[in-house]
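Subject: Handing over a structure, with notes

Dear colleague,

I am passing a structure on to you, and I would be glad if you could look through it before reading my notes.

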Amino acid sequence: MNMTAWQWMSFGVAFLSFELMFPGILMGWLGMGAFLTAVLVYFTGFTGIPAMVTFLVLGAVVCVFGRKCCYKKCTQ
């Protein structure tokens with residue numbers, strides 16, 4: 001359960017690759033959340049459950065705000 005920053009980075013690459021293969025299933029947002037989690041794990045050093053909770057929260061936040069920003073650009 002103790003994942004390093006490199007493992008979170010590889011999760012981000014995997015999610016973004018999956019999004020490229022099958023567009024429209026919103027894996028890109030989780031990929032961005034994994035990249036942000038990798039940055040936080042690298043600089044703070046926390047691992048385990050707090051890192052996973054951070055990933056889930058960041059994935060949801062990026063999804064909500066990313067969709068909101070994308071929707072504003074598409075409707076103008």
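The notes below go from the whole chain to single residues.

This is a predicted model, in which local features need pLDDT of at least 70 and side-chain atom pairs count only at pLDDT 80 or more, while totals for chains, interfaces and linings use all residues. Residues are numbered from 1 along each chain as its sequence is written, and side-chain values use heavy atoms, with hydrogens and water left out.

The whole chain

The chain has three helices and zero strands, and its pattern along the sequence is α-α-α; helices (H or I, at least four residues) and strands (E, at least two) are DSSP runs, numbered from the N terminus. Of the 76 residues in the chain, 30% are buried, where buried means under 20% relative accessible area, exposed means over 50%, and partly exposed lies in between (1.4 Å probe, protein chains only). The chain exposes about 5,300 Å², and carbon and sulfur atoms supply 76% of this area, as computed by the Shrake-Rupley method with a 1.4 Å probe, with only the protein chains shown counting as cover for residues. Among contacts with a separation of 6 or more, 52% join residues 24 or more positions apart, a contact being heavy atoms within 4.5 Å.

The core

The largest nonpolar core consists of nine residues, namely Met-3, Ala-5, Trp-8, Phe-15, Ala-34, Ala-38, Val-41, Ala-51 and Phe-55. Helix α1, helix α2 (27-44) and helix α3 each supply at least two residues of this core. Such a core is a set of buried Ala, Val, Leu, Ile, Met, Phe, Trp, Tyr and Cys residues joined through side-chain atoms within 4.5 Å.

Leaving aside neighbours within four places in sequence, Phe-55 is in contact with Trp-8, Phe-15, Leu-30, Gly-33, Ala-34 and Thr-37. Thr-37 belongs to helix α2 and counts as buried because its relative accessibility is 0%; with the neighbours within four places again set aside, its contacts are Trp-8, Ala-51, Thr-54, Phe-55 and Leu-58.

Gly-12, which lies in helix α1, is also buried, since its relative accessible area is 0%. Not counting residues up to four places away in sequence, Gly-12 touches Gly-31, Ala-34 and Phe-35, and its C-alpha atom is separated by 8.3 Å from that of Gly-28, 16 residues away along the chain.

A buried glutamate

Glu-19 is found in helix α1 (residues 5-21), and it counts as buried because its relative accessible area is 19%. A polar atom of the Glu-19 side chain lies 2.8 Å from the backbone nitrogen of Met-27, and the Glu-19 side chain also reaches the backbone nitrogen of Gly-28, at 3.3 Å.

The surface

Ile-49, Val-53, Val-57, Val-61, Val-64 and Phe-65 form a nonpolar patch on the surface, with about 520 Å² of accessible area together. Val-64 is placed in helix α3 (residues 49-75) and counts as partly exposed because its relative accessibility is 48%. Phe-65 is in helix α3, and it counts as partly exposed at 48% relative accessibility. Phe-65 and Trp-29 are 36 residues apart in sequence, while their C-alpha atoms are 9.9 Å apart in space.

With best wishes

Methods: Polar contact = N/O pair within 3.5 Å; in protein donor to acceptor, adjacent residues only side chain to side chain. Patch = residues over 30% accessible without salt bridge, like charges linked within 9 Å, V, L, I, M, F, W, Y side chains within 5 Å. Salt bridge = Lys/Arg side-chain N within 4 Å of Asp/Glu carboxyl O.
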